[in-house]
Amino acid sequence: MVRNYPEVTKSSDSTDDDQHVPEKQQASQKGAPEKASIDVKHVILVLSGKGGVGKSTVAVNLAYALSAQGKQTGLVDLDIHGPNVPIMLGLEDHQLMNDGTSLIPVRMTGTLQVISMAFLLQKRSDPVVWRGAIKGKVITQFLSDVKWGSLDYLIVDLPPGTGDEALTIIQVAPNVAGAVIVTTPQDVATLDSTKAITFVEKMNIRVLGVIENMSGFSCPHCSGEIDLFGSGGGERIAHEHGVPFLGKIPVDIRMRKAGDEGHPFIGKKQDSLSWSSIDAVVTRLIEEIERN
């Protein structure tokens, strides 16, 4: 299924004042943290077992693709120590606003809103030196204390691994539809991705599927296909764990350039295998969510 996504356009940094946020939901398990107050139908976690696999690139393009289909979409950058989502969306110069009671997310388009630790830093080079307990409070605030309004999807870009951020968001986020695991094909990446799959399953969260990123490269000079990082590793671990395989996304220089320039790659129709692959991955993911 191929769609024509709109070009990236930026509007004001505020949400509609009259959108409703429900009261806090009680935790389902004794002793567990209270669920955050956010009106969202589906929360999708984007995980990777290790860094450098293009997880944030996938999260950004996934969120933009969903919003381009008219879905009210939120994107939370929970890589607190290395928040890169604002750069990929061209929003790095924005700061979070406050209406006196709630934070106002930065609005990328009419259907896409973004929250990131980067919006709270005085300088882009400032490090965040926090222990787990403080990060947990901030994660809860990024859900409950933000004026999201009513969302169809909330995409959560998590840091690599299975640490505090992943544990906290699973505990406090309502309506978690499941997790998407991003990997590259080589063994060193798929081994760590296997750990991420096991972690998600132990947390009783559904694995929505595995995405094999950086799978193949089309040489711009000879047009030959080169498997820079091998091939088939993501598909293999998906089959081994009995979880959906959402597809492969090839390496594309234009995708890297789009991220550096702050424009989602999926936001402009490309005559490329990578663009078609992302579009197909989004289609399969929505089908997987709606299947249950």
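This report covers the chain as a whole, then its spaces, then one residue.

## Ground rules

This is a predicted model, in which local features need pLDDT of at least 70, side-chain atom pairs count only at pLDDT 80 or more, and totals for chains, interfaces and linings use all residues. Residues are numbered from 1 along each chain as its sequence is written, and side-chain values use heavy atoms, with hydrogens and water left out.

## The chain

The protein chain has eight helices and eleven strands. Helices (H or I, at least four residues) and strands (E, at least two) are DSSP runs, numbered from the N terminus.

Of the 292 residues, 53% are buried (under 20% relative accessible area, with a 1.4 Å probe and protein chains only). The accessible surface comes to about 13,200 Å² (Shrake-Rupley method, 1.4 Å probe). Carbon and sulfur atoms hold 49% of that surface. Take the contacts (heavy atoms within 4.5 Å) between residues at least 6 apart in sequence: 77% join residues at least 24 apart.

## The largest pocket

Rolling a probe the size of a water molecule over the atoms shows where empty space is left. A pocket is an open set of points on a 1 Å grid over the protein atoms alone, with protein on both sides within 12 Å along at least five of seven lines; lining residues have an atom within 4 Å of a point.

The largest pocket holds about 500 Å³ of space (the volume filled by probe spheres set on the points, which are joined across faces, edges and corners). Its lining has 32 residues, and Gly54, Lys55, Thr57, Met88 and Met214 lie nearest the centre. Helix H7 gives the largest share, six residues. By class, the lining has 14 nonpolar, twelve polar and six charged residues. Ala, Val, Leu, Ile, Met, Phe, Trp, Tyr, Cys and Pro count as nonpolar, Asp, Glu, Lys and Arg as charged, and the others, Gly among them, as polar.

## The cavity

In a cavity, a 1.4 Å probe fits but cannot get out. The whole structure has one cavity of 30 Å³ or more. The largest cavity holds about 90 Å³. Its lining includes Gly54, Thr57, Asn213 and Val281. Helix H1 gives the most, with four residues. The lining has eight nonpolar residues, four polar and no charged.

## Thr184

Is Thr184 buried or exposed? Thr184 is buried, with a relative accessible area of 2%. Thr184 sits in the loop between strand E8 (176–183) and helix H5 (187–202). Beyond its neighbours within four places in sequence, Thr184 contacts Val53, Ala189, Thr190, Asn213 and Met214.

Conventions
Buried means under 20% relative accessible area, exposed over 50%, partly exposed in between (1.4 Å probe, protein chains only).
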